[in-house]
Amino acid sequence: MSLPRSVLPGLLLLAAGCASAPPEAVATEFGPVRAATRADAEAGADRLVALAPRVRALLPELTDEPIELWVLDRFDADRDPQREAYTWVRQRRIHIHRENLLFDFTLGHELVHALIERSWRALPGIVEEGLADHVGLELSPADAPAVRMARLFAVQSDWARLDLRVQLVEASPDRGARLPRRVAGDLVVQVEELARDWTFEQAFALSALELARLDERPDRLHLRGVGFLLVDRVLARTGYRGLYALAEGAPAGEGLDWRELARTAGLDADPAAWRDAYLHAWGEDELRALAARLADELADVLVDWAAPGQLEEAMESPRSGVRARVGLSRTGRYVDVLAVPEVLAAVRRALAREAGSPDPVAGTAPAP
Ligand SMILES: [Zn+2]
């Protein structure tokens with residue numbers, strides 16, 4: 001099994017295409033919220049008033065200038081309206097789709113771009129994106145497993161080789177006499193690389209705007225994943241104020257040296273250290289989110305491996321001793337995928353398909 005990495009969602013900071021201002025406006029203490037309908041403008045204002053103070057509470061040195069929020073019902077056709085948003089930094093104006101699936105996370109993310117002042121801008125573009133992601137997740141913690149998984153999975157580098165292991169095991173030695181205790185299947189899933197090779201120097205040299213303007217989506221997502229990982233580690237060690245202190249201390253007119261950021265993250269230019277950091281960033285929540293995203297592929301593999309009745313037994317009784325799991329042998333971290341609702345549903349579908357399929361030995365033709 002080989003998985004393309006480009007299948008996962010990403011958010012963009014993009015400035016292209018000029019929409020005209022939506023007609024309805026609601027004033028807030030942070031600035032106006034505009035939308036096509038009064039109801040959408042009011043709903044957007046409600047979220048802005050709820051989230052902006054929380055961004056302010058997290059980050060030092062934000063602007064007091066008003067910002068503007070446009071809640072739109074249409075985006076450029078080539079973007080995914082339910083996942084993307086963008087900020088016109090100079091105008092401090094955020095565009096977000098009314099049906100964005102991660103509305104609070106996305107608005108929190110864009111508020112960072114809209115509110116940070118000059119001193120923050122010494123951060124490399126991928127670090128600004130990583131910062132915005134982390135603030136967005138603080139505002140919407142329920143989205144953390146899916147977003148963290150998507151960011152990590154998008155990283156494509158030799159040091160980020162994700163050899164995901166899928167296993168079907170009969171784990172209990174004293175149960176299931178009709179099933180021998182054995183590993184029924186064991187597969188290492190390779191992930192297909194779609195981005196080009198970026199050196200650390202190249203990755204950290206991009207501004208946020210240059211990053212947003214990269215044409216290749218796998219490259220953009222790869223770079224954002226690198227920034228996410230780095231910021232994850234910096235915040236764990238120094239918090240938002242420590243990250244700000246690094247930005248503020250950068251030489252005037254120059255960006256912050258990426259090596260200093262890496263040092264703060266407990267990393268250096270050695271890919272082995274990044275590899276270790278990358279694999280350990282995959283916690284159980286992220287692995288479960290990845291299993292949910294790959295539910296159909298996992299279900300096909302498991303149904304192919306399982307003895308008759310084996311998966312049914314495992315699903316009916318968690319104590320059956322049969323376990324289907326995915327994880328990383330390098331960290332020893334595995335999760336039980338039959339406990340992931342999306343995988344469970346996909347296995348039931350695959351079993352039903354299998355039960356309804358013609359018998360290949362007898363060569364029975366399907367009913368018309
Ligand atoms: Zn962004």
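**Helix crossing and strand pairing in a predicted model**

The axes of helix α1 (residues 38-58) and helix α2 (residues 103-115) come within 10 Å and cross at roughly 55°; axes are lines fitted to C-alpha atoms over the stretch in contact, with angles running from 0 to 180 degrees between N-to-C directions. The two helices, α1 and α2, are therefore oblique to each other (under 35 degrees counts as roughly parallel, over 145 as roughly antiparallel, 65 to 115 as roughly perpendicular, and the rest as oblique). On the α1 side, the contact is made by R47, L51, A52 and V55, and on the α2 side by F103, D104, L107, G108, L111, V112 and L115; contact requires C-beta atoms, placed from the backbone, to lie within 7 Å. These residues divide into eight nonpolar, one polar and two charged.

This is a predicted model, in which local features need pLDDT of at least 70 and side-chain atom pairs count only at pLDDT 80 or more, while totals for chains, interfaces and linings use all residues. Numbering starts from 1 along each chain as its sequence is written.

Turning to the strands, β2 (residues 24-28) and β3 (residues 31-35) run antiparallel and are joined by five bridges, where pairing takes at least two bridges found by DSSP. E24 stands opposite A35 in β3, and two residues lie between the strands of this β2-β3 hairpin.

Over the whole protein chain there are 13 helices and 10 strands, taken as DSSP runs (H or I, at least four residues, for helices; E, at least two, for strands) numbered from the N terminus. Among contacts between residues at least 6 apart in sequence, 70% join residues at least 24 apart.

Conventions
Contact = placed C-beta atoms within 7 Å. Nonpolar A, V, L, I, M, F, W, Y, C, P; charged D, E, K, R; others polar.
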